[in-house]
Amino acid sequence: MAKKKSILDLVKMKKAGEQVAWITAYDYPTAMFAEAAGMDMLLVGDSLGMVTLGYSGTIPVTMEDCISHCQAVRRGAPNTWIIGDMPFGSYQSSDEQAVDNAVRFMKEADTDCIKLEGGVRIQSRIRAITDAGIPVIGHIGLTPQSSGQLGGFKAQGRTVENARGVIEDALAVQEAGAFSILVEAVPPELTEFITKKLDIPVYSIGAGACDGQLLISSDMVGKFQAFTPKFVKKYAEVAEVETNAYKQYIKEVKEGVFPSDDYVYHITDPIEEFEKLFKEFD
Ligand code: KIV
């Protein structure tokens, strides 16, 4: 069984040029499969709102949703570094609110660190949480919780002016004490610059090569159907496999093919004894 990663391991991996592979997980079975596969880290993203709860975005997701899914993932992956994702409304009001909710992830869900979205504008939140002794992963570039302000789920940093903001955010996150940073949907040239500029590990989701890669599990296994971002490589078509299994089951139930003799529990006393029993109830 692989040993759970520590921050030190992640820094060593960056220095050694060893890539970190991580995905999102929201439930016990996915966590179990990912740990068995040897995943370096798991993010219990607030994307759970879209891919497991059926919302059209991440805004409705609550702390209770996140804590409950983190607990399930921890039960499935006891030896994996788990990141709790702070949902919209759990850190926007004040540094105190941010610390209180980050503490909940650590105490109630046994996560190893937390992630929150934003750079310059949430620098004091990151500082307050790290000062409380909680490791933080920053998240910049396309930040889904503020997609309304960004004009939708749009790639960031494609113009010089916009890239300047992304670089400033990256520097602010490092300066505030985050131990690593996730960059979402920015051009690879910008990610490369940020990775060279920062001392902390830089991870990408849809942002090209750096110190490691994240994908949304439901996207990469072909489970989430509403839309697939350009940066997603599909490694399986689970929705197709699952739907076909349900279709076949329906057919077999309707035709009386299921359950056949293989799928029932057989009596252990002689049938004559059972017939006597049934007669008692006639
Ligand atoms: O919630 C999530 O899964 C995320 C990723 C989009 C990075 O924050």
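Modeller: The largest pocket has 39 lining residues, and E184, A185, I205, P229 and F231 are those nearest its centre. This is a predicted model, in which local features need pLDDT of at least 70 and side-chain atom pairs count only at pLDDT 80 or more, while totals for chains, interfaces and linings use all residues. Residues are numbered from 1 along each chain as its sequence is written, and side-chain values use heavy atoms, without hydrogens and water.

Biologist: What makes a set of points a pocket, and what makes a residue part of its lining?

Modeller: On a 1 Å grid over the protein atoms alone, a pocket is an open set with protein on both sides within 12 Å along at least five of seven lines, whereas a cavity is a set where a 1.4 Å probe fits but cannot get out; lining residues have an atom within 4 Å of a point. E184 is one of the lining residues of the largest pocket, so E184 has an atom within 4 Å of a point.

Biologist: What is the volume of the largest pocket?

Modeller: The value is about 800 Å³, a volume being the space filled by probe spheres set on the points, with grid points joined across faces, edges and corners.

Biologist: Which strand supplies the largest share of that lining?

Modeller: β8 does, with three residues; strands are DSSP runs (E, at least two residues) and helices are likewise runs (H or I, at least four), numbered from the N terminus.

Biologist: Which helix leads in the second largest pocket?

Modeller: α2 gives four residues, the largest share.
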